[in-house]
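Subject: Structure handover

Hello,

Here is the structure to look at before we next talk. My notes follow below it.

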Amino acid sequence: ITLAREENPAPIIRDRFGARYVFTDTNHEKFVERATAGGQMQIRYRDEYAIVLEMVDAPAEGTVPSS
């Protein structure tokens, strides 16, 4: 996912992993672009080393809620 092989990674992150947040380093800019393109994830924090994304849409039914 972080290698930007998925065109729209947000649903996979939400549905398969039940994640609300994603932490990545700044070497994965293409992933960040794709994850935020549809408006399902937003950058909540960024510095010279790391990026934190948050899921902004509701999880799909049947997924594990994040704690």
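Buried means under 20% relative accessible area, exposed means over 50%, and partly exposed is in between (1.4 Å probe, protein chains only). Strands (E, at least two residues) and helices (H or I, at least four) are DSSP runs, numbered from the N terminus.

Before going further, note that this is a predicted model: local features need pLDDT of at least 70, side-chain atom pairs count only at pLDDT 80 or more, and totals for chains, interfaces and linings use all residues. Residues are numbered from 1 along each chain as its sequence is written, and side-chain values use heavy atoms, with hydrogens and water left out.

Phe23 lies in E1. Is Phe23 buried or exposed? Its relative accessibility is 66%, so Phe23 counts as exposed. Phe23 touches Ile51 and Val52, leaving aside residues up to four places away in sequence; contact means heavy atoms within 4.5 Å. The C-alpha atoms of Phe23 and Leu53 are separated by 6.5 Å, although the two residues are 30 apart along the chain.

**The sheet**

Strands of a sheet pair through backbone hydrogen bonds, either parallel or antiparallel. Here three strands form an open sheet in the order E1-E3-E2, with antiparallel pairing. E1 and E2 stand at the edges with a single partner strand each, so one side of each has no neighbour in the sheet. From one strand to the next the twist averages 25°. Two strands pair if DSSP finds at least two bridges between them.

E1 and strand E3 (residues 50–55) run antiparallel and are joined by five bridges.

**The helices**

How do helix H1 (residues 9–17) and helix H2 (residues 29–37) cross, and at what angle? Their axes come within 7 Å and cross at roughly 80°. That makes H1 roughly perpendicular to H2. The axes are lines fitted to C-alpha atoms, for helices over the stretch in contact, and angles run from 0 to 180 degrees between N-to-C directions. Angles under 35 degrees count as roughly parallel, over 145 as roughly antiparallel, 65 to 115 as roughly perpendicular and the rest as oblique. Pro9, Ala10 and Ile13 of H1 make the contact with Phe31, Arg34 and Ala35 of H2.

H1 also lies across E1, E2 and E3, running at about 70° to E3. Which residues of H1 are buried? They are Pro9, Ala10, Ile12, Ile13 and Arg14. Their cover includes E1, H2, strand E2 (41–46) and E3. Just after H1, Gly18 takes a positive phi of about 65°.

**The whole chain**

The protein chain has two helices and three strands, in the pattern α-β-α-β-β along the sequence. Of its 67 residues, 33% are buried. Among contacts between residues at least 6 apart in sequence, 52% join residues at least 24 apart.

Regards
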